[in-house]
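Work through the exercises below with the structure open. Each task is followed by a stepwise solution.

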Amino acid sequence: MKRLIPGTTIKYSEQARNSAFSLISPVLEATGGLTLSQLSKLTGLEGSTIQNWIKRGWVSSTKGKKYDEQQVLRILLINMLRGTMKLESIVNLMTYINGDVEDTADDIIDEILLFDLLCRMIFNAEDENIFAPDEVKALIERELGECESGITSDEEKLSKAMYVMVMAYRSAWLKSEMEKGMEAIFGDEN
């Protein structure tokens, strides 16, 4: 199975390990944002799903027909967690971390840093085969300790949220493996 950057259809590279969003941001800068069709290709989501998330207020509204950096980041974060979490729970978690979707003044962490940190934690958890709660907590503590700036307040609150996010992503991987096992046993019967 090919390894992807979480929440995207982009193939993993070593550059993604420490700065996953740096593979996406040049396209945003060059084009002034992504169209719905480009965002759909990036995420693997249907355009109607993305538009529904905006209508529900989970992602800020577009200005014109292009999705800016903040919108893309929020969509990527929701997309990476939806494998095992209910959408409403993901949105509650995002609000817990960064408050109102329209207001960045109440954010604990910049969403680029949040995305990059979460991707790095996921890559490290995968590489180190970490699933146990204590190991995940230790990984988060280590990664947050190495983060030199960008967390404006309440690292403990962020740590709790990151724990949920990493566990959700790892759980989605386990669920996928279980489904492959069922397919191997029962084929197309399920």
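**Exercise 1.** Find the buried residues of helix α3 (residues 36-43) and decide how they are arranged around the helix axis.

*Solution.* The model is predicted. Step one: list the residues under 20% relative accessible area. In α3, Leu39, Ser40, Leu42 and Thr43 are buried. Step two: look down the axis of α3. The buried residues fall within an arc of 160 degrees, so they line one face of the helix. Step three: recall the helical repeat. An α-helix has 3.6 residues a turn, so residues three or four places apart point the same way. Step four: look for the cover. The buried residues of α3 are covered by elements including α4 (47-55) and α5 (69-81). Step five: check the end of the helix.

**Exercise 2.** Describe how helix α7 (residues 111-127) packs on helix α8 (residues 133-146).

*Solution.* Step one: take distance and angle. The two axes come within 10 Å and cross at roughly 135 degrees. That makes α7 oblique to α8. Step two: assign the hand. The crossing of α7 past α8 is right-handed. Step three: name the contact residues. α7 contributes Leu117, Arg120, Met121, Asn124 and Ala125, while α8 contributes Leu139, Ile140, Arg142, Glu143 and Leu144. Step four: sort them. Six are nonpolar, one is polar and three are charged.

Methods. Residues are numbered from 1 along each chain as its sequence is written. This is a predicted model: local features need pLDDT of at least 70, side-chain atom pairs count only at pLDDT 80 or more; totals for chains, interfaces and linings use all residues. Side-chain values use heavy atoms; hydrogens and water are left out. Axes are lines fitted to C-alpha atoms, for helices over the stretch in contact, and angles run from 0 to 180 degrees between N-to-C directions. Helices (H or I, at least four residues) and strands (E, at least two) are DSSP runs, numbered from the N terminus. Angles under 35 degrees count as roughly parallel, over 145 as roughly antiparallel, 65 to 115 as roughly perpendicular and the rest as oblique. A crossing is left-handed if the near helix is turned anticlockwise from the far one by less than a right angle, and right-handed if clockwise. Contact means heavy atoms within 4.5 Å. Ala, Val, Leu, Ile, Met, Phe, Trp, Tyr, Cys and Pro count as nonpolar, Asp, Glu, Lys and Arg as charged, and the others, Gly among them, as polar. Buried means under 20% relative accessible area, exposed over 50%, partly exposed in between (1.4 Å probe, protein chains only). The arc is that of the directions from the helix axis to the C-beta atoms.
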